[in-house]
Amino acid sequence: MGQLEGKVALVTGGNSGMGLAMAQEFARQGARVVIFGRDLESLRRAEETIAGECLSVAGDVRSLDALARLAKDVQDRFGSIDILVANAGGATIEPFHEVTEETFDYQSDVNFKGVFFTIQYLLPKMNDAGAIIIVSSSANSRAVPGMSVYGAAKSAVRSLARTLTLELADRKIRVNVLTPGPVATAAYERTGLSEEEIAAFQSRQSEQIPLARIGDPQEMAQAALFLASSASSFVAGAELVADGGMTQV
Ligand SMILES: NC(=O)c1ccc[n+]([C@@H]2O[C@H](COP(=O)([O-])OP(=O)(O)OC[C@H]3O[C@@H](n4cnc5c(N)ncnc54)[C@H](OP(=O)(O)O)[C@@H]3O)[C@@H](O)[C@H]2O)c1
């Protein structure tokens, strides 16, 4: 029997990278899965790779209307959810002096506002004793040049998990943070760097990781499964850092 039998799990950004790996793993463990992202084509492709019942909903986490629609679609299809992974996000590399109001708003809206309101809008659909997992980044504790807004937004969601742990304690909802280090996903292509620059960036990062390599999305899915399942029943308000030791030594 799977570890998530009978559960319903929602993963934002479940159409790509580590979110997709989580959605696939949760489904293998018996969960029915909802995925949310903007790109219709990758949502459709992702749905085909997820076992069992899967609902995909298109929308932008920055839009409260889209989140309200997501909550309604979830309610109509499954009634409620047990697991919520606020994973959608991403970085662009931009030196501090080049950050504009527009790029600042975009980065903070996707990585902080989006997480905040995803949780707020989905909470009424969440069963008591559920699990919320917020995906942060090792950039929340370790400076990465060009990631000033992203790093701050990822620190903000770490803080949010602490507050929510207390505010949701009466409902026995556990809120935890998964903090990945560098992981091989499409995120790198979205940074605005060229292929050569990405290879050089990853190689520099690998040198700073005790395990001497970039992580795999499947490794993040296993970490998320731990936080989503009863295996972590006494873990709340915590941060699970999965970065090959990069920020831990
Ligand atoms: N890869 C890494 O090295 C790394 C390291 C630390 C933390 N992280 C974090 O891990 C999470 C997942 O990233 P990933 O590496 O798996 O990258 P990815 O493959 O680029 O996936 C990002 C996902 O987020 C969704 N997304 C982005 N902006 C969105 C928006 N405005 N509204 C709705 N969905 C949105 C994307 O879907 P659409 O494009 O269809 O919207 C996509 O499914 C992110 O929060 C990222 O910051 C990544």
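In this predicted model, an oxygen atom of the ligand lies 2.5 Å from an N or O atom in the side chain of Asn 15. Ser 16 contributes a polar side-chain atom at 2.6 Å from a ligand oxygen atom. On its own the ligand has 880 Å² of accessible area, and the protein covers 96% of it.

In total, 30 residues surround the ligand, and Arg 38, Tyr 150 and Thr 185 are among the closest, together with Asn 15 and Ser 16. Sorted by class, the shell holds 12 nonpolar, 13 polar and five charged residues.

Seven strands, in the order 3-2-1-4-5-6-7, make up an open sheet with parallel pairing. Its edges are strand 3 (54-58) and strand 7 (239-242), each of which pairs on one side only. From one strand to the next, the twist averages 15°.

Towards the edge formed by strand 7, strand 6 (residues 174-180) pairs with strand 7 in the parallel sense over four bridges. Thr 179 stands opposite Val 241 of strand 7. Helix 5 (residues 148-167) packs on the sheet, where it touches strand 5 (126-135), strand 6 and strand 7, and its direction makes about 160° with that of strand 6. Helix 2 (residues 40-49) lies across strand 2 (32-37) and strand 3, and runs at about 175° to strand 3.

Technical notes: Residues numbered from 1 in each chain as written. Predicted model: local features only at pLDDT ≥ 70, side-chain atom pairs only at ≥ 80, totals over all residues. Heavy atoms only, no water. Pairing = 2+ DSSP bridges. Helix = DSSP H or I, 4+ residues; strand = E, 2+ residues; numbered from the N terminus. Axes fitted to C-alpha atoms, helices over the stretch in contact; angles between N-to-C directions. Contact = heavy atoms within 4.5 Å. Near = heavy atom within 4 Å. Polar contact = N/O pair within 3.5 Å; in protein donor to acceptor, adjacent residues only side chain to side chain. Areas by Shrake-Rupley, 256 points an atom, 1.4 Å probe, with all protein chains shown as cover. Nonpolar A, V, L, I, M, F, W, Y, C, P; charged D, E, K, R; others polar.
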